[in-house]
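User: Hi! I'd like to walk through this model with you, one topic at a time. Ready when you are.

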Amino acid sequence: LFSAMIDPTEGPGTRARPPVLAPRPPDLRGCRVGLLANVKRNAERYLDEVGALLRREHGAADLVRRTKRSITDPVPPDVLADLVATCDIVVVGVGDCGSCSASAIGDGLALEAAGVPAAVVCTDAFAVTADAMARLRGSPDYRYVRTPHPLAPLGPDEVRERALAALPEIVATLTSGRAVA
Amino acid sequence: VTTPDEVTDQDRLAYARAAIEHAYDRGWTDGLPVVPVTRPMVEEFLAQTARSADEVIAAVPHLDRECTVEQAAVNAALAGCRPEYFPVVLAAWEALGRERAVLGGGWQSTSGPAPLIVVNGPIRHELNINSTGGVLGPGFRANATIARAIGLVVRNVFGIRPQELDQSTQGVPGRWLLCIGENEEESPWEPLATEVGLPAGTDAVSATLLRTCEFVDNRHTQRPDELLADFADSISRTGAAIVPFSSAGLVLGVEHAQLLAGHGFAKRDVQQWLYERCVRSHEDLDRVGKGLDGRTGPGIDGYGLRMLPSPEQLLIVVAGARNAAMSMVVRPFGFTGWSRTAVPVYRP
């Protein structure tokens, strides 16, 4: 039945991209840390807190701060190339809207494909869309970091607490042995 | 086994119903019934354009998804379009492709934005695209199905579905329904497509994404300054401002447009008047927790924040019946304004 009905979801389809995750370092000592922030409220502050904690508690080296002006577009090629050239690991965030959470996962996978381990931080309200994005990009089990929603209205102390709470998961995501392809 | 002679009309209608249910089961619909699409139907749509079936007409780069002419045709047929609407659908896709928000992740936004598709030119009459009474719908096949054809591509081709990759928090009433003709016959001004640069009389489509429409009912005044001040109050509403960004447009009812034009206002005068006066004070922004905290930038001064990015960014379309003095303030989505372009409708 209905074999003559055209499936409206059919088409040339998506380009197949094999999932590629970057190799992980055993720990973060001496690692140069990229912080790729979007322009969502508190994103930069959150990543700054994460960066400071990675230096203080895990011996990370320099911080490289980059801001993505568009919350929805993929990371621009020049910013991506710059991060790949200057960083050993990158923390991406914060996905706390419909388009930017998917976009953040996309950026994380782009960094991984270029050989740089990434920890993408999304708020838990967007887990469904982040998961859907990871699935669509061929990495259904891509590990990312969830932080409680919302982040945007929080004050500085609360942002610091969120960063502190997520730190073990961020470190685990970036170091060897626990990354899932 | 039933021979063809024995197939009753009731049997055929039962099969049609089952086909519609099949589409539901496969997740192809937006919640309303769709039209079952067959290969010959698709060919009828493709015959309405000179473009090649495999040409890509829209894409969502960060999802690696693209839509071809043929996929757009399948979903236009699914939406209930007649084949002759298809050139308008293609022009709508081209117009949407000029919108910054669409090129980004607009379809996935928590704001759940609705495309507003505006049609100018004689093609409105040819296709029965409503531009007068009840223009914002429903009740008119061309208006309803052209807009729906866009939504079904987002769902079926891009794979952006609610509660998955579409993270719409509440969405916009009228999403996938907002295709309007401009009431050029009763507008006192040049049509939108002419304002943005196309020759008069061109069949053309303009488009942007909206976050909502809000009515302004002013049957009370004959003074243009009082009417404009009423618009300014709605435009300057703090709830619609994502400070420091804010935008607005007007779907003007005929009476309001004629009142303004009768007092010598051209469209650009209306735009300038509202640009200058739609300003919200720092005190007001602070009061609703949207204070700028000393931020500087375009539109910000010592007094407050302008609610329009520039005069010309105030979209003005005249549509609806000339039977009451009411208009809609519309809210374009995004932080960078609309493209201010119109796309000609091409037919072979």
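User: Which handedness does the crossing of α3(A) and α4(A) have?
Analyst: α3(A) passes α4(A) in a right-handed crossing, meaning the near helix is turned clockwise from the far one by less than a right angle. Helices here are DSSP runs (H or I, at least four residues; strands are E, at least two), numbered from the N terminus. Before we go on: this is a predicted model, where local features need pLDDT of at least 70, side-chain atom pairs count only at pLDDT 80 or more, and totals for chains, interfaces and linings use all residues. Residues are numbered from 1 along each chain as its sequence is written, chains are lettered from A and ligands numbered from 1 in the order in which they are written, and side-chain values use heavy atoms, without hydrogens and water.

User: Thanks! At what angle do the axes of α3 and α4 of chain A cross?
Analyst: Roughly 40 degrees, and the axes come within 8 Å. The two helices are therefore oblique to each other, a label for angles that are not under 35 degrees (roughly parallel), over 145 (roughly antiparallel) or 65 to 115 (roughly perpendicular).

User: Which residues make the contact?
Analyst: G98(A), S101(A), A102(A), I105(A) and G106(A) come from α3(A), and T129(A), A130(A), M133(A) and A134(A) from α4(A). Contact means heavy atoms within 4.5 Å. These residues divide into five nonpolar, four polar and no charged, with Gly counted as polar.

User: New topic: which residues touch the most other members of the largest nonpolar core?
Analyst: That core has 89 residues, and I105(A), F86(B), W93(B), W107(B), I146(B), F158(B) and V205(B) touch the most other members. A core joins buried Ala, Val, Leu, Ile, Met, Phe, Trp, Tyr and Cys residues through side-chain atoms within 4.5 Å. Helix α4 of chain B (residues 86-96) gives the largest share, nine residues.

User: And what does I146(B) contact, beyond its neighbours within four places in sequence?
Analyst: C81(B), Y85(B), V88(B), V89(B), I129(B), R141(B) and C179(B).

User: Is D64(B) buried or exposed?
Analyst: D64(B) is buried, at 7% relative accessible area (buried is under 20%, exposed over 50%, partly exposed in between, with a 1.4 Å probe and protein chains only). Its phi is near 60 degrees, positive in a residue other than glycine.

Key:
Axes are lines fitted to C-alpha atoms, for helices over the stretch in contact, and angles run from 0 to 180 degrees between N-to-C directions.
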